[in-house]
Amino acid sequence: MNAFEADAVPAPRSPVTLGLIVVLAALGVAALVALGTWQLHRRAWKLDLIQRIENRVHAPPVAAPGRAEWPTVTASTHEYRRVRATGVFLHERETLVRASTELGFGFWVLTPLRTPDGTLVLVNRGFVPPERRDPATRAAGQIAGETTVTGLLRMTEPSGAFLRANDPSADRWYARDVAAIAAARGLGDVAPYFIDADAASSVPDGPVGGLTVIAFHNNHLIYAITWYALAMMLAGATAYIVREQGRLRRVAAGQS
């Protein structure tokens, strides 16, 4: 090897530096593998959740939780259960919440239902387009007397909609926040959930029920594959560095 070729060969890294690179790479690989494994656990959890929701949605309706059960109502144990409730609608206290559905943009009609024991349950009776926001334009929907509602139990939405917050003072609603709506309408003793009425509740001129969208994103397998692939790439790059450093050491030893 001539002098020019010798100068062109880089010097190998010190054992301490190389050891530090290997240790950091090992920690990185371990972290990436852990993230991939966590995503697989999340995927198993999500699949179980989807199955439980499917079972609830297609089960026969049961009585909506009464006042004694309200403290135990949670999303994990109750949301999307098919329930039924009997009572009288308080149409004069309905609330319109902005909605985007397969029928277009408009409003959800949330109406308090007074049950026989005096408690109230907010019922999302369904969708109406902007031209039907005035109750006078949908007289058929102003049901008088006792009625029974069947639908899906939904949890309150206190966080508001994306980039939009409810403005009770201006009567502008973007999310179905049970407590805020109850306070704005002067309602007391209201259930901590609301009911999405099913399609059977639809009436001429609206509201149109049965438009609940049940969709759960399940990209955990893709995420897991991504993390595992990154772990393999990092491991491969580290192995290459170790081999290259070994080669450089052999070259340096041959020059000495």
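1. Valine 88 stands opposite arginine 114 in β4. The two strands involved, β2 (residues 82-89) and β4, run antiparallel and are joined by 2 bridges; strands count as paired if DSSP finds at least two bridges between them. Helices (H or I, at least four residues) and strands (E, at least two) are DSSP runs, numbered from the N terminus.

2. On the source: this is a predicted model, in which local features need pLDDT of at least 70 and side-chain atom pairs count only at pLDDT 80 or more, while totals for chains, interfaces and linings use all residues. Residues are numbered from 1 along each chain as its sequence is written, and side-chain values use heavy atoms, with hydrogens and water left out.

3. Strand β3 (residues 95-101) pairs with β4 over 7 bridges in the antiparallel sense, with arginine 98 opposite phenylalanine 107. A hairpin of 2 residues connects β3 to β4.

4. Strand β5 (residues 120-128) is also antiparallel to β4, with 7 bridges between them. The β4-β5 hairpin has 5 residues between the strands, and glycine 118 in its turn has a positive phi of about 95°.

5. The whole structure holds 1 aromatic pair. Rings of Phe, Tyr and Trp (its six-membered ring) pair if their centres lie within 6.5 Å; planes under 30 degrees apart are stacked, over 60 edge-to-face, the rest tilted. Tryptophan 108 and phenylalanine 127 have ring centres 6.4 Å apart and planes at 80°, so they are edge-to-face. Tryptophan 108 is in strand β4 and phenylalanine 127 in strand β5, 19 residues apart. Both residues are buried.

6. Arginine 125 lies over the face of phenylalanine 89, at 4.6 Å from the ring centre. The criterion is NZ of Lys or CZ of Arg within 6 Å of the ring centre and within 35 degrees of the ring normal.

7. The structure has 12 salt bridges (side-chain nitrogen of Lys or Arg within 4 Å of a carboxyl oxygen of Asp or Glu). In one of them, aspartate 205 meets arginine 132 at 3.2 Å, N to O. The partners are 73 residues apart, aspartate 205 in the loop between β7 (190-197) and α5 (220-255), arginine 132 in the loop between β5 and β6 (146-155). Aspartate 205 is partly exposed at 41%, as is arginine 132 at 26%.

8. Aspartate 171 and arginine 185 form a salt bridge of 2.7 Å, N to O. Aspartate 171 lies in the loop between β6 and α4 (178-184) and arginine 185 in the loop between α4 and β7, so the bridge ties together parts 14 residues apart in sequence. Aspartate 171 is partly exposed at 40% relative accessible area, whereas arginine 185, at 19%, counts as buried.

9. Glutamate 244 and arginine 247 are joined by a salt bridge of 2.6 Å, N to O. Being 3 residues apart in helix α5, they are separated by about one helical turn. Salt bridges that share partners also join Glu79, Arg154, Glu157, Arg176 and Asp196 into one network.

How values were computed: Buried < 20%, exposed > 50% of the residue type's maximum accessible area, 1.4 Å probe, protein only.
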